[in-house]
Amino acid sequence: GKAENTAIVGTFESTQKGFGFVVIEDEPGQDIYIAEKDINGALHNDKVQVVITSEAKDGRRREGRIIKVIERGTLNIVGTYEKNGKYGFVIPDNLRFARDIYIASGHNKGAVTGHKVVVKLTSYGDDKHNPEGDVIDIIGHVDDPGTDIMSIVKGYNLPVEFPDKVLRQAERVAKPVSEADMNGRKDLRDWQMVTIDGEDAKDLD
């Protein structure tokens with residue numbers, strides 16, 4: 001049959017400009033271009049089924065249309081909350097998520113305009129409707145110190161707490177210096193030290 005009938009599975013990669021590409025795992029360099037009108041509600045990182053609408057020619061890559069989202073690649077999105085009457089929107093930090101997320105009344109966890117929040121997506125939207133979600137975490141206000149860093153941490157799902165094992169080791173370290181520790185080391189504890197760093201610095205030069 002025609003190429004049109006064979007559905008190919010790949011990962012959708014969105015761009016800030018609205019269009020995107022489907023990347024096929026075992027075909028490196030054979031990305032399929034997806035125009036904005038053919039995205040069909042897929043979001044960045046989703047696993048999708050795509051049909052080819054136009055074969056590669058004259059150095060241009062294949063083009064396709066997403067017909068189905070098989071598996072969502074993203075459940076939580078970090079962004080800035082904006083109140084709008086009774087409801088609100090979250091504007092995602094990651095520009096590959098080109099659409100604002102609608103937050104229904106009572107689902108904003110008390111966030112106000114300018115709060116950085118984590119949203120759990122409850123609906124992915126479609127051509128006519130924005131994705132929807134619940135605010136599950138308020139990171140802080142955009143202007144508060146530290147909010148920017150925590151936003152990145154949450155956006156990449158990085159761990160924010162040390163494992164118990166590490167904490168237990170840290171507790172053991174804070175013991176008085178023993179004779180064995182002194183062995184082969186120079187004792188500088190009574191020396192006056194000078195550092196170029198401020199009082200709250202985490203690394204002293």
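User: Hi! Is isoleucine 152 buried or exposed?

Analyst: Hello! In this predicted model, isoleucine 152 counts as exposed because its relative accessibility is 51%, and the cut-off for exposed is over 50%.

User: Where does isoleucine 152 sit?

Analyst: Isoleucine 152 belongs to helix α1, which covers residues 147-155.

User: And which residues make the nonpolar surface patch?

Analyst: Ile152, Tyr156 and Leu158 make that patch, with an area of about 360 Å².

User: Okay, let's go inside. How many residues does the largest nonpolar core have?

Analyst: That core has 13 residues. Among those with the most contacts inside it are Tyr81, Val90, Ile101 and Leu121. As background, nonpolar side chains in soluble globular proteins tend to be buried together.

User: Which elements give two or more residues to this core?

Analyst: They are β6 (76-84), β8 (101-103) and β9 (115-123). The largest share, 3 residues, is from β9.

User: Nice. What is leucine 121 in contact with, beyond its neighbours within four places in sequence?

Analyst: Leucine 121 contacts Leu43, Thr74, Leu75, Ile77 and Ile101, and also Pro131, Glu132 and Gly133.

User: What does the second, separate core include?

Analyst: The second core has 12 residues, including Ile8, Phe12, Ile32 and Ile66.

User: Switching to strands: in which sense do β6 and β9 pair?

Analyst: The pairing of β6 with β9 is antiparallel, over 5 bridges.

User: What about β5, in which sense does it pair with β3?

Analyst: Strand β3 (residues 32-34) runs parallel to β5 (residues 63-71) in a pairing over 2 bridges, and isoleucine 34 has glycine 64 as its bridge partner in β5. Strand β4 (residues 47-54) pairs with β5 in the antiparallel sense, over 7 bridges, and glutamine 49 there stands opposite lysine 68.

User: Where does threonine 15 lie?

Analyst: Threonine 15 is in the loop between β1 (7-14) and β2 (20-23).

User: Why does threonine 15 count as buried?

Analyst: Its relative accessible area is 18%, and buried means under 20%. Leaving out residues up to four places away in sequence, threonine 15 touches Gly20, Phe21 and Arg96.

User: Last topic, charges. How many salt bridges does the structure hold?

Analyst: It holds 8 salt bridges. One of them joins the side chains of aspartate 137 and lysine 154, at 2.8 Å from N to O. That pair links distant parts of the chain: aspartate 137 is in strand β10 (residues 132-141) and lysine 154 is in helix α1, 17 residues apart.

User: How exposed are aspartate 137 and lysine 154?

Analyst: Aspartate 137 is partly exposed at 23%, and lysine 154 is partly exposed at 29%.

User: Which residue forms a salt bridge with arginine 60?

Analyst: Glutamate 63 does, at 3.0 Å from N to O. Arginine 60 is exposed, with a relative accessible area of 56%, whereas glutamate 63 counts as partly exposed at 24%.

User: And what is the partner of arginine 189?

Analyst: Arginine 189 meets aspartate 187 in a salt bridge of 3.0 Å, N to O. Arginine 189 counts as exposed at 55%, and aspartate 187 as partly exposed at 38%.

Definitions and conventions. Residues are numbered from 1 along each chain as its sequence is written. This is a predicted model: local features need pLDDT of at least 70, side-chain atom pairs count only at pLDDT 80 or more; totals for chains, interfaces and linings use all residues. Side-chain values use heavy atoms; hydrogens and water are left out. A nonpolar core is a set of buried Ala, Val, Leu, Ile, Met, Phe, Trp, Tyr and Cys residues joined through side-chain atoms within 4.5 Å. Buried means under 20% relative accessible area, exposed over 50%, partly exposed in between (1.4 Å probe, protein chains only). Helices (H or I, at least four residues) and strands (E, at least two) are DSSP runs, numbered from the N terminus. Contact means heavy atoms within 4.5 Å. Patches are made of residues with over 30% relative accessible area and no salt bridge: like charges are joined within 9 Å, nonpolar side chains (Val, Leu, Ile, Met, Phe, Trp, Tyr) within 5 Å. Accessible areas come from the Shrake-Rupley method with a 1.4 Å probe; for residues, only the protein chains shown count as cover. A salt bridge is a side-chain nitrogen of Lys or Arg within 4 Å of a carboxyl oxygen of Asp or Glu. Two strands pair if DSSP finds at least two bridges between them.
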